[in-house]
Amino acid sequence: MNDDSPLTDLARTQRLLVCVGSGGVGKTTTAASVALWAALRGRRVLVLTIDPARRLANSLGLNEIGNMEVRIPLERLLGDADGPAFEPVAGGELWAMMLDPKSTLDDVIGKVSKDEATRDAIFANRIYRSIAGSFSGSQEYMATERLYDVYGSGRYDMIVLDTPPVKNALDFLEAPGRLARFLDRQVMKWFLTPYEEEPAFGKRLMLGTSAVVYRLLGHIFGREFLKELSIFFTLFRDLYDGMRERHEAVSRIFGDSRTTFVVVSAPNEPSVDVASFFLQELKGRTLRVGAIVVNQLHRARLVNPDVDALLGRKARELEPLLAPLVLARLGAAHRRLRDLAALERQWITRLAAYAPSVPMIEVDRQPGEVHDLAGLLSLHRWLFPG
Amino acid sequence: MPPAAADAPADSSVLFRSRVLFLTGKGGTGKTTLGAAIGRLAAAQGRRTLVCELDAQRSSLTAIFGKAPVYQPSQVAPGLSICNIEWMPALDDWLADIVGAGRIVRMIMKNRMISIFLEATPGARDLMLLHRVVKLSQQFDLVIVDMPASGNAVGMLSVVGTSRRLFDTGPIRRCAEEIDGMFARPDTNLVLVALPEEMVVNETLETRARVHAEIPALRQPLVLLNRATPATLSAGERSLLDQLGAQELGVDARELVEAGRWEERLETATAEALSRLRAIAAVVVLPVLARGEGAARVVGQLTAALARQSHAKVDLVGEASG
């Protein structure tokens, strides 16, 4: 089995594959293609994705967002001339779920609130309303929430998580922690005290630094705002434990021995930059990276090809007048392609140097956008060679 | 209602008569490189120019200018400075602004609760960063702000409106009003950097719609279409290419024809991107450049391309070869 792609083993054995990388590098396509491969080999697989290209989403039957799990009928593919050249293993299922990219903090709160009254009180709070609209990371938070749900459901042998495109950090890993930090107990306690109504706690003695700091906060934010914030924190107090628990559970899933990260990149500076950052971060967290997939590769094999010798006669036969122009264009286009391919090779070499022990898989740029099951299947010759 | 000026279409000249330019775009579109190129061009025109990043954890400007930006602007070329507006010193400056510098500010800064609180308070961080841009725009002729990728950038810019709704009075309210005032100035402009790729164009259109809805004070953005392949193939040439593609060919001949078809697809993608983008904004087209010769060199080439686009009369000989 030594000739097998590193993905072969992963797709056969893992419970969770997490595809990370910058936007526009073919993360969704890679995730869906790997999931399809495993499904055709008898596993029940779910692709969890955010905001895929519309045509790919449509062809997968993901016409509606709303966090629904949708089964993708593989029969369509099997009847197709472009279908797999082998009999799929029985029992395999391909499912997809598209996370609502507009999912908001409301969903999170709805999940962790202990009762409807608390939830509604939070929803009505002016401060909450202003956060809910702009809270960054709620999309990432929802991704981990959904993962937690489906992972625990036992319905799937494997989940392939296509992460949202984030640039500077493993935001989707951080999001739950950040939300929890926002509700940091200490901060809450400190701000709750002055307005605590229960006499048992008494009022904080407003002396020294605290008094100055508090007066200044009142000055900066206004007393009204502080009062409202205190109510907000009171409402959130009970939510904190629930959120931390889920955060820890998701962290455990990411660190599980049957979870593997796949870093996806394109051979250009910004994506390699992001990919190398991911490699470094994942290493720092001792999370396992099983493969690096480099998509959208251009290739040019010929060096200074003799255009006229190769195509001159044919071109002149077809269009004698246009032939010289087109032949010149072909030569120029090939030089440009060759330069690009050489440049991409430099970026690939650089990326490989960041993680010499991680196997790398190269996928050529497809002539058109990959937008259906046949397209996903056609990627297998690169992703799973041999 | 946005002021009437907001409806006036932007053109490439906004790059050179603005005081503040906010640059954003989908990740990987080259906005940092373009921001640096605009900065060099403006500086070459004799304008005191600042290129700044907002609380960047890893500065992209370092590779371009060979010097890491810090909080205080530092000069990297005649008339050109760079900086990274970090959140803590920006907060420090703002607090000094409203309560006066000195002992009290230092005491506040030492209090962990305050910084956690402010960091957790919706939008406070973004407000402080943008407020620093207001201050810097009073010290420079042009401030080019390298924003985060488009989704986050809109969230950041719209914080101003959110804060105005949340704070009826007080220093934060005033801070938000000052920033809004900057947005509304006719010489403040938003620049969206796009690529001739379907997904990037989609995101550019979405960003434009969100900006229009959430930050009405900002004028219609200018779009820079980066790495474009302008159409040069005639219909006859395309047809010959197709006919060649349909022939029985050897491996080598096939590779040549495929190279031609690859370029043809790039031309088509550029034309499609242009027609979609022009429906919503003025577009400046920047051609594909020879890449991989170092960030500073790419900026030099882009600067020259921009100068041609804007018909700016500047001596770029020294610049482009730097």
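Biologist: At what angle do helix 10 (residues 198-214) of chain B and helix 12 (residues 251-278) of chain B pack?
Modeller: This is a predicted model, in which local features need pLDDT of at least 70, side-chain atom pairs count only at pLDDT 80 or more, and totals for chains, interfaces and linings use all residues. Residues are numbered from 1 along each chain as its sequence is written, while chains are lettered from A and ligands numbered from 1 in the order in which they are written. Helices (H or I, at least four residues) and strands (E, at least two) are DSSP runs, numbered from the N terminus, and axes are lines fitted to C-alpha atoms, for helices over the stretch in contact, with angles from 0 to 180 degrees between N-to-C directions. The axes of helix 10 of chain B and helix 12 of chain B lie 10 Å apart, and the angle is about 5°.

Biologist: Which residues of helix 12 of chain B make the contact with helix 10 of chain B?
Modeller: Two residues are in contact if their C-beta atoms, placed from the backbone, lie within 7 Å. Helix 10 of chain B contributes Val201(B), Thr204(B) and Leu205(B), and helix 12 of chain B contributes Ala273(B), Arg276(B) and Leu277(B).

Biologist: How many bridges join strand 2 (residues 44-50) of chain A to strand 4 of chain A?
Modeller: Two strands pair if DSSP finds at least two bridges between them. Within this pairing Val45(A) has Leu94(A) of strand 4 of chain A as its bridge partner. Strand 2 of chain A and strand 4 of chain A run parallel, and the bridges joining them number 7.

Biologist: Which residue in strand 4 of chain A stands opposite Val70(A)?
Modeller: Strand 3 (residues 69-71) of chain A runs antiparallel to strand 4 of chain A, with 3 bridges joining them. The residue opposite Val70(A) is Ala96(A).
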